[in-house]
Amino acid sequence: MALNINWFPGHMKKTKEDIEKNLKLVDIVLEIIDARIPESSRNPMLDDILGDKPRLIIMNKVDLSDPKENQKWINKFKSDGIVALPMNSKERINVGKIYDIAREILADKFKKHEEKEIDNPLIRMMIVGVPNSGKSTFINNVAQRKGARVGNRPGVTQTKQWIKTNSNLQLLDTPGVLWPKFDDRTGLHLSFTNAIKDEILNIEDLTLYFLKEIAKEYPENLKERYGVDPSAEAIDIYEAIAKKRGAIIAGGDFDYTRTASIILNDFRTGKLGRITLEKL
């Protein structure tokens, strides 16, 4: 693939080391993934790092993903022995529910506490996820206060942060972390969802790949949003959208960069409809 997508800044290497070092400080790890790309938004390094540490998955951004696929993925994780909760972290989150599920997963720990007559209901939870998965928004929502910095660009959180909540739940935020090399499909999907910064990519080429995939998997979404023929070649769809959106530069040429931004932003904000790029 011509894009050759890889992004592993120095702070991500340090984050990986910090996660390993701080694991002993927490009872459970909450992994936040993007429901539109449930495979690609899971860092394969985490399995090696976390080992047997109890884990809970939040399938975030379910308001942007295909509802038919959401339940399939929840069932898939369940069959793998992992509890996965669907969530739109921009809405009010039931902290009590997260605590109760975490306590269920940690039943052995609390049983030992009871046997030793230890009354300590506190659960310390580490939050991990790829960049732009919605970790900081989730934490601020759960904590019901402004704590972790939030941005719509990957890599906003770059330091370790302990966040207290109004329940017996204490959260350790970590910066979003990717891994050094990934396959073409994973790289594209992480780029489509903005887990990899647009600034390091050729977004015109990226948009062509995106249009090819969406025209195949969600043709009606393209037709409804832009009034284009989804059976056309990707470049023809691209230029038809540019024309309809008035993305024309001097001399009558198409403004491919502006059109790319329009298309990718429409997908990322849900204006293109609810889309899951990785289906079961």
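**View 1. Tyr 256, partly exposed at 28% relative accessibility, and its ring partner Phe 254 in the predicted model.** The rings of Phe 254 and Tyr 256 are arranged edge-to-face, with 6.2 Å from centre to centre and 70 degrees between the planes. Phe 254 is likewise partly exposed, its relative accessible area being 23%.

**View 2. Asp 255 in the loop between α10 (234-244) and α11 (256-268).** Although Asp 255 is buried, it has no salt bridge, and the nearest side chain of opposite charge, that of Arg 258, is 5.4 Å away. The side chain of Asp 255 does, however, reach the backbone nitrogen of Arg 258 at 3.0 Å. When residues up to four places away in sequence are not counted, Asp 255 touches Ala 247, Ile 248 and Ile 249.

**View 3. The aromatic cluster of Phe 192, Phe 210 and Phe 267, linked by ring pairs.** A search of the whole structure finds five aromatic pairs. One of them joins Phe 210 to Phe 267 in a tilted arrangement, at 5.0 Å centre to centre and with 50 degrees between the planes. This pair links distant parts of the chain, since Phe 210 belongs to helix α8 (residues 203-217) and Phe 267 to helix α11, 57 residues apart. Phe 210 is buried with a relative accessible area of 0%, and Phe 267 is buried with a value of 1%. Arg 36 lies over the face of Phe 267, at 5.1 Å from the ring centre.

**View 4. Lys 279 over the face of Tyr 218.** In this charge-over-ring arrangement, Lys 279 is placed at 4.3 Å from the ring centre of Tyr 218.

**View 5. The salt bridge between Lys 135 and Asp 173.** The side chains of Lys 135 and Asp 173 meet at 3.4 Å, N to O. Because Lys 135 lies in helix α6 (residues 135-143) and Asp 173 in strand β6 (residues 169-173), the pair ties together parts that are 38 residues apart in sequence. Lys 135 counts as buried at 5% relative accessibility, and Asp 173 counts as buried at 0%.

**View 6. A network of salt bridges linking Glu 31, Arg 42, Asp 47 and Arg 55.** The count for the model comes to 13 salt bridges, among them the one between Asp 47 and Arg 55, whose closest N and O atoms are 2.9 Å apart. Asp 47 is partly exposed at 44% relative accessibility, whereas Arg 55 is buried, with a relative accessible area of 15%.

**View 7. The salt bridge between Asp 80 and Lys 76.** The two side chains meet at 2.8 Å, N to O. Asp 80 is partly exposed at 46% relative accessible area, and Lys 76 is partly exposed at 34%.

Definitions and conventions: Residues are numbered from 1 along each chain as its sequence is written. This is a predicted model: local features need pLDDT of at least 70, side-chain atom pairs count only at pLDDT 80 or more; totals for chains, interfaces and linings use all residues. Side-chain values use heavy atoms; hydrogens and water are left out. Helices (H or I, at least four residues) and strands (E, at least two) are DSSP runs, numbered from the N terminus. Buried means under 20% relative accessible area, exposed over 50%, partly exposed in between (1.4 Å probe, protein chains only). Lys and Arg count as positive and Asp and Glu as negative; His and the chain ends are not counted. A salt bridge is a side-chain nitrogen of Lys or Arg within 4 Å of a carboxyl oxygen of Asp or Glu. A polar contact is a pair of N or O atoms within 3.5 Å; within protein, one must be able to donate a hydrogen and the other to accept it, and residues adjacent in sequence count only if both atoms are side-chain atoms. Contact means heavy atoms within 4.5 Å. Rings of Phe, Tyr and Trp (its six-membered ring) pair if their centres lie within 6.5 Å; planes under 30 degrees apart count as stacked, over 60 as edge-to-face and the rest as tilted. A charge sits over a ring if NZ of Lys or CZ of Arg is within 6 Å of the ring centre and within 35 degrees of the ring normal.
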